[in-house]
Amino acid sequence: MTSELDIFVGNTTLIDEDVYRLWLDGYSVTDAVALRVRSGILEQTGATAAVLQSDTMDHYRTFHMLERLLHAPPKLLHQLIFQIPPSRQALLIERYYAFDEAFVREVLGKKLSKGTKKDLDDISTKTGITLKSCRRQFDNFKRVFKVVEEMRGSLVDNIQQHFLLSDRLARDYAAIVFFANNRFETGKKKLQYLSFGDFAFCAELMIQNWTLGAVDSQMDDMDMDLDKEFLQDLKELKVLVADKDLLDLHKSLVCTALRGKLGVFSEMEANFKNLSRGLVNVAAKLTHNKDVRDLFVDLVEKFVEPCRSDHWPLSDVRFFLNQYSVSVHSLDGFRHQALWDRYMGTLRGCLLRLYHD
Amino acid sequence: MPGKLKVKIVAGRHLPVMDRASDLTDAFVEVKFGNTTFKTDVYLKSLNPQWNSEWFKFEVDDEDLQDEPLQITVLDHDTYSANDAIGKVYIDIDPLLYSEAATVISGWFPIYDTIHGIRGEINVVVKVDLFNDLNRFRQSSCGVKFFCTTSIPKCYRAVIIHGFVEELVVNEDPEYQWIDRIRTPRASNEARQRLISLMSGELQRKIGLKVLEMRGNAVVGYLQCFDLEGESGLVVRAIGTACTLDKLSSPAAFLPACNSPSKEMKEIPFNEDPNPNTHSSGPSTPLKNQTYSFSPSKSYSRQSSSSDTDLSLTPKTGMGSGSAGKEGGPFKALLRQQTQSALEQREFPFFTLTAFPPGFLVHVGGVVSARSVKLLDRIHNPDEPETRDAWWAEIRQEIKSHAKALGCHAVVGYSESTSICEEVCILSASGTAAVLNPRFLQDGTVEGCLEQRLEENLPTRCGFCHIPYDELNMPFPAHLTYCYNCRKQKVPDVLFTTIDLPTDATVIGKGCLIQARLCRLKKKAQAEANATAISNLLPFMEYEVHTQLMNKLKLKGMNALFGLRIQITVGENMLMGLASATGVYLAALPTPGGIQIAGKTPNDGSYEQHISHMQKKINDTIAKNKELYEINPPEISEEIIGSPIPEPRQRSRLLRSQSESSDEVTELDLSHGKKDAFVLEIDDTDAMEDVHSLLTDVPPPSGFYSCNTEIMPGINNWTSEIQMFTSVRVIRLSSLNLTNQALNKNFNDLCENLLKSLYFKLRSMIPCCLCHVNFTVSLPEDELIQVTVTAVAITFDKNQALQTTKTPVEKSLQRASTDNEELLQFPLELCSDSFPSHPFPPAKEHLESASSNSGIPAAQRDRCSSWIELIKLKAQTIRRGSIKTTVTVEKASPVGDGNFRNRSAPPCANSTVGVVKMTPLSFIPGAKITKYLGIINMFFIRETTSLREEGGVSGFLHAFIAEVFAMVRAHVAALGGNAVVSYIMKQCVFMENPNKNQAQCLINVSGDAVVFVRESDLEVVSSQQPTTNCQSSCTESEVTT
């Protein structure tokens, strides 16, 4: 006796959250059944393995049918085939678009292309995430990217509208899309200590302040690209380190203000010029795409690492960066105050976030 | 009444890409009704076209309005080649033809293609203007309402219940026409869908005409079926009950009239339970009692049993109500006379209803059924489907005579079915013989005199259990006792019926689903030889199914079956029998005895040990079941009940031969032989298997109950969460071990595993009950068995669940009853004495007699004698609001649905798709139905030539059933409804050819589209528009895109 056909169709589509997770995680039916058995469900319910197998198959089939709709979530809301309560629809979408931290760190900033897709094998091996799940996550990134790429207006809003994601997840996707578009390097060894959250935080600040949309949301450009003009202007900041008088003045202003307030004052004093040169040079280099990509590498090399090697506590870093930014306002010879604030305001936020072990 | 049909095509969405180059579609729409076709403009390059067409107007007569479906075809325009069809929508406009139903059909319909399934949606608006026309020769029957619901619909009142209406139409099946060889599968499928749609329209119209002739205005319990007879054609047939219904004026009224005794029970002309005090006469003489107690008394016992008091099923002398015997006779005669006058003029006094207004059902006689095996031949003249008509007429005649033999003039809970394999067809009909209150059957209801008697009449709640036949003239042997409730009238020891449990019946504990499952191998044969083989097998199957049911019922410690449905399915090389029913313990019937096992060779020590082991297991199971289903009937002391009177068998024989019952019925008691009832004899391995299989049925996990009736006896506090589902399984038998035993085991496992899976899947709903569990078996190929289950899971509130059982127990404590320990015995070969048919002789005889009578030479005929069941009684006088009617049911707290919305769903909370509930029940828990919008009756075919790509057979069928649900919901929503009640999947024919990567499936579903309002909303909103959307879960805000 073999089962040729075995289906269950409810008027309200049954969604089992646990099975959904297993499916999203890319387990085969057999593996999923084994995992469910291990969870002790048989003992709880008195069911048999055959029942579990049939149940799992059913759910997998349903998810497979739903997957097409999940690719365009508004379709899931309007379709008539599966009657699913709104809360369940939200859960299906949210979980489908959720991603693994380990995975996203691997592809963050990479071009979402066929080439990268080929590397998924390696990523799967490295992270222990099933290839199937990697593919789903990668395709999600790519799909969102494609849809919002050419769109005007707020990136987060666009994502939310077209994919019906929660605010939190939409912001994460905005970061992913932003990183992919600007191809920021995140994979270098010295950046490994950074989490996706760190990058997402920076991405949000940059989207808010450094893109075209940031200046004028009516502009018919979008959040994805950095404001070219702004990057061009950043060259003007070079004077802060190139003009020796200005640099000395800046240093003395900062030192005066921080004397006695900083545990690492002497180290700061000794390193000020290096640090300042680093931060300003990063700004000046952003005209080149290559250097834009290396932004995070540079920040870590030029600022985070020196401070860390001198064991600056985070509070001191904060005091320093605040004072460092503010003091520029007192430099009479410096004319680019607004530009400086736009640059340094964001950079300060990023650096504070990046500064940890 | 000719009319003007107006159609507007608004827009489409989610269309498939038809042009690979542009990834877009140039769609337009053809709207066709009858022979007229209109087209919209082509909407270029869009997957979401906005046609916004003008109103297309069709001027048609109402005959066409009833017969024809509106056919909407969406196509992709192609300049150079033929336009490609995207898909179609068929809209049945019947609901627009009667005034109280829908006024407009408007909404998104899935665009369906028989090869690709659903491909996007189309927004359509349909209206009808009817002109009055008093032509009395009209062929249409616009205005007659149709209901699938097998009870009086909730917002109506039955003025008169006229009776049985039936009709059938036949045609050639397009799939088998010569043209099918040259046309595409799509064209063939569409021809079929359209033809069936036409035929059902025609059928409905014809039935409507009959109703008008009877001066009715509605058909309730409308059941339409298709017989796919292959080469010989396509038959669409329908049965129903014609009624005159009155809409209840106040839609907000909480109590549906049919449940409210005060409204309905104006008169109970035949009160069978006169004031108890008048019966205080002394004990009747033993002699008198003898006449009505037929007991398989002790003296016949081959097997010694442990208790001397056993078999006290029949009343002992000295019962307080001895006078019943005296009074019962004349009274019944009177009743019979009166009812007869009401029913006499009817050819078939049948009713497809399964639930009735209070007072309608006076007595129930038991199940009557008839089957006949026919050989199909080509239908030569579709306009005169006389053969098929004659076949059914013959079966109905037989049913009628069975009912007569039971002293009944009517058959309720009546249904008909067929099973076809190649050219052999088994026609089956079954129902419950009953005596009805003629008041509902006649015109000119007596309004005046009766109000006053209402209240005092209520005590007749056990009345339906009382035997309708004369105990002096019993049609079959039965153990009779005095009713455990009123003590006045006789009741049988078990009662089988096809109806729902009457709402006022007193039940102890809860009910449960009981199934008998059986397979029999048969040799492959052709034509007549095949029909003969089947005919010969049928009586054995009926017999065994019955035995199984009886054993399982006893094993559950229950004494009555409701909703009994026995399905016999014929395949190439086997017959399958599946009986489903809901077992309950009726307080009015005696406590069922246990089951005793007897061994053939009592001297063998180890064998005996084995036997006693089995016996212990059985006893344990019974005890466990009693606990599980909370069956704790009151102890009744022996003296009150009286002891059984040994009735000489001769005597009952004699009486029976005097009765006018038909041959079959008379033959029944041959089966009784000389053996004791209720002994399972283990004399060979087969019997051993049977006993084992008895014990293998696992009860549902805790928190689950199941039944196949509308509601679960003993549970009355439903909450509003419901989940309707369909589950299909097909297994392939390995051809090596095809023995009856292996087959039985496979089949049994299949059903049990299916149930287990259901329990597992629905575990999140606990505590809940699977209601209206409907199993259908088919044998699509040699080694394939297909089981389809449709049911609804309803949650209930556990905390209130207990109260029901308490009261009756206390109340009845002072009553007497037979000793619980008593053992009823019956031999395996004979089954219970209530089994009326003799399994052996009838086949041949009938074969000959029937075929000689009928003048249909090709048809091989046999009737299996129907078997007839006994009736039961309900005990207990009135507890005020005890087992409750739907009224209480609807009071359930409105928790359910609300729970699972609004969690963390920011943008999704607004769905534009309204929720449509589907349920096989006639009501929605926690809600009130305010409007019936019309009948939904849809037929779909789906075919694929890329089975593997669609996920194999499971993927294919899963998607198809989901699509069918979607299309039903869309039609209901377009009518302005939010639920389908009395939903049924009447057919699910699945064929596959994996080698060719092909599969095909046909599905036919029906139900009543309704508008319902949550009771919680009703209370709040009360007067303001009850028709609008009331579901808590469908917040109708627009989605922002």
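Predicted model: local features only at pLDDT ≥ 70, side-chain atom pairs only at ≥ 80, totals over all residues.
Residues are numbered from 1 along each chain as its sequence is written, and chains are lettered from A in the order in which they are written. Local features need pLDDT of at least 70, side-chain atom pairs count only at pLDDT 80 or more, totals for interfaces use all residues, and side-chain values use heavy atoms, without hydrogens and water.

**Domains.** Select chain A and colour 17-82 (domain 1), 101-208 (domain 2) and 228-354 (domain 3). These bounds come from an automatic or database domain assignment. The C-alpha centres of domain 1 and domain 3 of chain A lie 52 Å apart.

**Helix α10.** Next, select residues 131-149 of chain A, helix α10. Helices here are DSSP runs (H or I, at least four residues). Buried residues (under 20% relative accessible area, 1.4 Å probe, protein chains only) in α10(A) include F138(A), F141(A), F145(A) and R136(A).

**Interface.** Now show chain B. In contact (heavy atoms within 4.5 Å) are 47 residues of chain A and 64 residues of chain B. The two chains bury about 4900 Å² between them, 63% of it on carbon and sulfur atoms. Buried area is the accessible area (1.4 Å probe) lost on putting two parts together, summed over both.

**Salt bridges.** Five cross the interface of chain A and chain B; the rule is a Lys or Arg side-chain nitrogen within 4 Å of an Asp or Glu carboxyl oxygen. Zoom in on R763(B) and D16(A): their closest N and O atoms are 3.2 Å apart in a salt bridge. Finish with α4 (49-70) and α6 (86-97) of chain A, among the elements that each supply at least two residues of the side touching chain B.

Conventions
Expected span 1.5 Å × (residues − 1). Buried < 20%, exposed > 50% of the residue type's maximum accessible area, 1.4 Å probe, protein only.
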